[in-house]
Amino acid sequence: MATKKEVLKMAQERGVKMVDIRFLDLPGIWQHFSVPLEELEESSFEDGFGLDGSSIRGWQPIHASDMLVIPDPATAQIDPFFEEPTLVLIGDIADPFTKEPYSRDPRYIAKKAEAYLKSTGIGDTAYIGPEAEFFIFDDVRYSSQTNGCSYQVDSIEAIWNSNRDECPNQGYKIRHKEGYYPAPPTDKYQDMRTEMVLTLKELGIHVECQHHEVATAGQAEIDMRFRPLVQMGDQLMWFKYVLKNVAYHHGSTVTFMPKPLFGDNGSGMHTHISIWKDGKPTFAGDKYAGLSDNALYGIGGILRHGRSLCAICNPTTNSYKRLVPGYEAPVNLAYSSRNRSASIRIPMYSASPKAKRLEFRTPDPSCNGYLAFAAILMAVLDGIQNKIDPGDPMDKNIYDLPPEELALIPTAPGSLDEALAALKADHEYLLKGDVFTPDVIETWIEYKTKHEADQVRMRPHPHEFFLYYDI
């Protein structure tokens with residue numbers, strides 16, 4: 001963790017010419033502006049830099065637009081892509097008059113979640129390990145107009161190109177749902193993914209593995225080693241930035257949309273969580289799958305609040321194209337060891353107590369990581385505090401259950417509207433410790449409804465013309 005003086009010294013030693021200040025809007029997209037190095041002084045880490053909060057999605061009204069972004073010296077990195085040496089600092093948002101942290105700053109919400117965990121005495125560290133899947137495409141085109149809408153994505157790997165004239169077409173296309181681990185030349189993106197991994201490593205991000213994922217057309221996964229909650233929130237932002245820019249420099253494009261293809265697997269973000277106290281894991285015990293009582297209660301918390309969690313962990317209309325019963329996504333709110341058809345899995349790769357964790361498989365990578373990780377932790381803590389019984393594990397393949405049994409298992413919402421309604425009805429657990437404020441919840445629901453759910457609901461869908469034009 002660098003200090004203010006160390007950051008300034010590093011900038012001089014590395015020949016830095018510009019400083020890039022980064023923060024993110026409420027939906028979760030990185031924003032930035034740059035200043036010459038001489039504008040960064042020790043006082044900048046307290047005084048911050050001014051910005052217009054009314055121009056940031058989900059933030060301030062225009063009559064109260066002035067905000068500060070205060071760079072955090074602990075986040076200092078050298079950008080791996082800019083032509084001129086550029087120091088990157090992630091900032092926290094504050095009121096320019098009171099210097100109070102801004103309630104809608106996602107990073108601040110994540111910080112409050114960590115502080116609340118410590119205040120409960122349940123633990124002092126929440127470790128988070130997300131597995132963010134993504135697609136690498138060679139071409140993407142889309143349009144949404146008053147009189148028409150369309151999209152098209154393409155990939156050299158895609159099975160739909162098996163008969164395309166590629167001068168020559170060498171075959172080696174990935175059939176639908178057969179993209180898990182094929183070796184080159186079928187896997188076309190090994191070198192690109194390796195470049196992504198090595199760039200992440202240069203930034204100090206510990207990567208455990210990279211591989212092709214199940215779908216055709218360049219679906220992939222790169223796994224980061226678990227880190228404390230806020231640190232992982234920072235890393236997820238770097239992760240998305242690095243992957244997009246490496247692909248862009250190769251003439252390709254990366255998307256974290258959960259469901260860009262019809263009829264093949266979508267991209268999830270299975271999220272591992274464990275709570276530690278005084279350097280020891282609290283989720284290891286002698287109960288089911290080697291879990292402790294607190295771990296089981298934590299499962300109970302996620303299951304009880306699973307539908308409202310989806311409004312934050314699966315926050316786009318596209319998320320619910322992936323969360324469809326009977327397909328690959330874990331929509332059933334149940335738990336099991338090893339069983340990937342349950343929304344919560346207890347990984348059994350290792351018997352070590354340090355490896356005991358919960359894997360919440362419903363989230364997807366369209367989420368704002370700071371908010372999603374904080375919300376999952378708050379659900380786990382609510383389960384522990386209220387000793388919520390998760391019920392019996394589901395060790396059968398849920399997809400093979402008879403309809404009468406399946407009907408008894410609660411499921412994730414079927415749309416963003418349903419998820420937002422669930423959040424509106426069930427968010428008290430998020431308000432504990434002032435982690436999420438009522439203002440944040442209300443703004444989130446209003447923004448997502450007005451700018452996303454309503455916008456998609458009101459538009460004709462291209463497939464409706466296929467179904468109904470001649471009606």
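# Burial and surface in a predicted protein chain

Of the 471 residues in the protein chain, buried ones make up 54%. This is a predicted model, in which local features need pLDDT of at least 70 and side-chain atom pairs count only at pLDDT 80 or more, whereas totals for chains, interfaces and linings use all residues. Residues are numbered from 1 along each chain as its sequence is written, and side-chain values use heavy atoms, with hydrogens and water left out.

User: Why is Thr437 called buried?
Analyst: Buried means under 20% relative accessible area, exposed means over 50%, and partly exposed lies in between, with a 1.4 Å probe and protein chains only. Thr437 has a relative accessible area of 9%, so it is buried. Thr437 lies in the loop between α12 (428-431) and α13 (438-457); helices are DSSP runs of H or I with at least four residues, strands are runs of E with at least two, and both are numbered from the N terminus.

User: What does Thr437 touch, not counting residues up to four places away in sequence?
Analyst: Thr437 touches Ser103, Lys112 and Leu431, where contact means heavy atoms within 4.5 Å.

User: Why is Val140 called partly exposed?
Analyst: Val140 has a relative accessible area of 37%, which is why it is classed as partly exposed. This residue is found in strand β8 (residues 139-145).

User: Which residues form a nonpolar patch on the surface with Val140?
Analyst: Tyr142, Tyr151 and Phe262 form the patch with Val140, and together the four have about 590 Å² of accessible area. Patch residues have over 30% relative accessible area and no salt bridge; like charges are joined within 9 Å, and nonpolar side chains (Val, Leu, Ile, Met, Phe, Trp, Tyr) within 5 Å. A salt bridge is a side-chain nitrogen of Lys or Arg within 4 Å of a carboxyl oxygen of Asp or Glu. Accessible areas come from the Shrake-Rupley method with a 1.4 Å probe, and for residues only the protein chains shown count as cover.

User: What makes a set of residues a nonpolar core?
Analyst: Its members are buried Ala, Val, Leu, Ile, Met, Phe, Trp, Tyr and Cys residues joined through side-chain atoms within 4.5 Å. The largest nonpolar core has 96 residues, and Met196, Leu243 and Phe436 have the most contacts inside it. Helix α9 (residues 369-385) gives the most to this core, with 13 residues. A second, separate core of 22 residues includes Val19, Leu37, Met67 and Ile78.
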